[in-house]
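Hi,

Here is the structure we talked about. Please open it and follow along with the notes below.

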Amino acid sequence: MPPAIDAMSSDVTLNVWCFLDGKPGHQNQTLGLVDALQRCAACKLDACEIVVPSSFPARFFGYSPRLLKNSPQPHLLVGAGHATHIPILRARRRFGGRSIVLMKPSLPLSFFDLCVVPNSHSLQPTSPHILLTHGVLNRIQHSQNQDPEQATILVGGPSQHFEWSDDEILNQMAPVILNHPTIRWTVATSRRTPQSFIHSFRTKNFPARLVSPDAVSRDWLPQQIQTSQTIWVTEDSVSMTYEAVTSGATVGTFQLSRPRCTRVTKGMDRLVETGFVTPFSQWSSTGELTKGQLQLSEADRVAQEILFRFCPQLARPNSAVA
């Protein structure tokens, strides 16, 4: 068994096993936390790729994560996504360590040592097993290299929480771009963006560069976010909105109709209420984007909380958290 975490000395390296289910969004959250842990403590990381069987009985009982035979036994087992839950519990039972899951788990909260859950879920932080966050975790850090003449627009696509409309987004995008002719505008689409939107955007002849995800490397978008002083996001792109806010950019959102009130729409409204983002309707009245007084660094905050709870001897000061 690994050494008890609460008894570790300051010269022990924190062994972290990351459980990855192959989904980019889940991996982004997991690695966002792992990156933050590395900024706070000496860590050794091992990735465990989850093999998900096709049949339901095997899916429930037969997870078989490919754990590295020679890996040090874990102190922390971290994962996002339902497919990681049982592998994490099985690994904890066999090898020890503390289990940490990101987002609300499909199993009872008490099964895990810590559940890091976005506050858009209807949960109260009354249990020691829950840590609420502003949105999902990500790998973006607060940037000190923002270009005041560079702006980025992040375009999503159809979502169950919003009614997508090419015309609505383009009609909002036009005055934002045209009223700032000295800015270098980049419009980054996503895999959800309809081809109809891309076609319509090109017919408008906006003074902006259009970039598709297939035309750039995986590192391009995080770098673009961290070097842009102004970022606009279609409000269906919740994760991208939190990444933009985390970077320290001034952030606006292009609005869409909402078929109903959901935890996602409530989360977006909370960002407006706290001053982190400015909706287009407000910008169109004032001509200005507001900027929150607080710095959003949720991955760093969660990492420090994990070390405080489970291994305080390893924590070192991290100036990234305001």
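Gly 252 sits opposite Thr 278 in strand S12. Strands here are DSSP runs of E, at least two residues long, and helices are runs of H or I of at least four, both numbered from the N terminus. S12 runs parallel to strand S11 (residues 250-254), and 3 bridges join them. Two strands count as paired if DSSP finds at least two bridges between them.

A word on the source: this is a predicted model, where local features need pLDDT of at least 70, side-chain atom pairs need pLDDT 80 or more, and totals for chains, interfaces and linings use all residues. Residues are numbered from 1 along each chain, and side-chain values use heavy atoms, without hydrogens or water.

Now the whole sheet. It is open, has 6 strands in the order S9-S8-S7-S10-S11-S12, and pairs in parallel. S9 (208-211) and S12 (277-279) stand at the edges with a single partner each, so one side of each has no neighbour in the sheet. Helix H7 (238-246) lies across S7, S10, S11 and S12, at about 165° to S10. Angles run from 0 to 180 degrees between N-to-C directions, with axes fitted to C-alpha atoms, for helices over the stretch in contact.

Next, Thr 84. Its place is the loop between strand S3 (76-80) and helix H3 (85-95). Is Thr 84 buried or exposed? Thr 84 counts as buried because its relative accessibility is 0%; the cut-off for buried is under 20%, for exposed over 50%, with partly exposed in between (1.4 Å probe, protein chains only). Beyond neighbours within four places in sequence, Thr 84 contacts Phe 19, Asp 21, Ile 50 and Gly 79. Contact means heavy atoms within 4.5 Å.

Best wishes
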